[in-house]
Amino acid sequence: MPRADDAAAVIREGLGRLGTAERAERDRAYLRSDLTHLGVPVPDVRRTVTGARRDLGPFTREDTLRLAELLWPGDVYEHRMAAVETLTARAAVLLLPEDLAVVERYVRASRTWALVDALAVHAVGAVVAREPVSCGDTLDRWARDEDFWLRRTALLALIPGIRAGSPDLRRLSRYADAMLDEREFFIRKAIGWVLRELSVRDPGFVAGWVRERRPRMSGLTYREAVRRLPADAG
């Protein structure tokens, strides 16, 4: 797939010109990262990926997956971020349920919210929102996985459905309830985040869910869950 190969080369070259040593050190410290950082701001990564794809014409699903696979290997953080950007935004409409196996591999290797969350919401979540039945078994497996980043992904992948007005309340409740006693910060935060998103559209459900489980709920999860909850939600 020469277009994907050409795009990967353009993206790597472009990112190599955009970073600064000062920002690279700051990003590495902020993310507690052991990867190589170029110090490229996120908007510049997005523009570089979008520009390369636009200049080479419409990409197919195969082109998209190939480009991500070319960008991901190695230890350069911005290259991995570019791979994530390749699978999100407009490109996410090309992904199929079977492509979640590729995303799972990236999530397991990411080890940081800065890559995982975009994959969870804007890649996995986009597929789940379109084909919830086909993705159900995969999400259920992820929600039980030993890797907390994959469990976080299962939770956050429900957000696009919530935003579209089609929340999977039973799956959300089941996942969150099973993880509620966990001490992992990123799981506690994710439960609160998903409930906060839902509270805008179904405050009654969230108020009742939180009230029934308040004794088990961490302060972090509770604060996130009720942040947008109306005072009269009950």
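Helices here are DSSP runs of H or I, at least four residues long, numbered from the N terminus. By that rule, Ser134 falls in helix α8, residues 132–143. The model is predicted.

## Overall build

The chain has 14 helices and zero strands. From the N terminus on, the order of elements is therefore α-α-α-α-α-α-α-α-α-α-α-α-α-α. Along its principal axes, the C-alpha trace spans about 55 × 40 × 30 Å. The radius of gyration is 19 Å. A compact globule of 234 residues would have a value near 17 Å, so the chain agrees with that expectation.

Buried residues make up 53% of the 234 residues. The chain exposes about 11,300 Å². Carbon and sulfur atoms supply 52% of that area. Take the contacts between residues at least 6 apart in sequence: 72% of them join residues at least 24 apart.

## The nonpolar core

In soluble globular proteins, nonpolar side chains tend to be buried together. In this chain, the largest nonpolar core has 71 residues. Leu87 and Leu139 have the most contacts inside this core. Helix α7, residues 113–130, gives the core its largest share, 10 residues.

Val128 is placed in helix α7. Its relative accessibility is 8%, so Val128 counts as buried. Beyond four places in sequence, Val128 touches Cys135, Leu139 and Ala157. Glu224 is 96 residues from Val128 along the chain, and their C-alpha atoms are separated by 24 Å.

Glu85 belongs to helix α5. Is Glu85 buried or exposed? Glu85 counts as buried because its relative accessibility is 16%, and the cut-off for buried is under 20%. Leaving out residues up to four places away, Glu85 touches Val45, Arg46 and Val49.

## Aromatic pairs

A pair of aromatic rings is described by the distance of the centres and the angle of the planes. The structure holds six aromatic pairs. Two of them are set out here.

| Pair | Centre to centre | Angle between planes | Class |
|---|---|---|---|
| Trp72 and Tyr106 | 4.5 Å | 20 degrees | stacked |
| Phe148 and Phe186 | 6.3 Å | 5 degrees | stacked |

Why does the Trp72 and Tyr106 pair count as stacked? The planes of Trp72 and Tyr106 stand at 20 degrees, and planes under 30 degrees apart count as stacked. This pair links distant parts of the chain, 34 residues apart. Trp72 is in the loop between α4 (61–71) and α5 (77–87). Tyr106 is in helix α6, residues 100–110. Both Trp72 and Tyr106 are buried.

The Phe148 and Phe186 pair is stacked, with 5 degrees between the planes. This pair too links distant parts of the chain, 38 residues apart. Phe148 is in helix α9, residues 148–156. Phe186 is in helix α12, residues 185–201. Phe148 and Phe186 form one aromatic cluster together with Trp149 and Phe185.

Arg214 lies over the face of Tyr222, at 3.9 Å from the ring centre.

## Positive phi in two loops

Most residues other than glycine have a negative phi. Phi of Arg32 is near 50 degrees. Arg32 sits in the loop between α2 (21–31) and α3 (42–55). Its relative accessible area is 78%, so Arg32 is exposed.

Arg111 has a positive phi of about 60 degrees. Its place is in the loop between α6 and α7. At 46% relative accessibility, Arg111 counts as partly exposed.

## Back to Ser134

How accessible is Ser134, and what class does that give it? Ser134 has a relative accessible area of 47%, so it is partly exposed. Pro215 is 81 residues from Ser134 in sequence. In space, the two are 35 Å apart, C-alpha to C-alpha.

Conventions:
Residues are numbered from 1 along each chain as its sequence is written. This is a predicted model: local features need pLDDT of at least 70, side-chain atom pairs count only at pLDDT 80 or more; totals for chains, interfaces and linings use all residues. Side-chain values use heavy atoms; hydrogens and water are left out. Buried means under 20% relative accessible area, exposed over 50%, partly exposed in between (1.4 Å probe, protein chains only). Rings of Phe, Tyr and Trp (its six-membered ring) pair if their centres lie within 6.5 Å; planes under 30 degrees apart count as stacked, over 60 as edge-to-face and the rest as tilted. A charge sits over a ring if NZ of Lys or CZ of Arg is within 6 Å of the ring centre and within 35 degrees of the ring normal. A nonpolar core is a set of buried Ala, Val, Leu, Ile, Met, Phe, Trp, Tyr and Cys residues joined through side-chain atoms within 4.5 Å. Contact means heavy atoms within 4.5 Å. The radius of gyration is taken over C-alpha atoms; the globule rule is 2.2 Å times the number of residues to the power 0.38. Accessible areas come from the Shrake-Rupley method with a 1.4 Å probe; for residues, only the protein chains shown count as cover.
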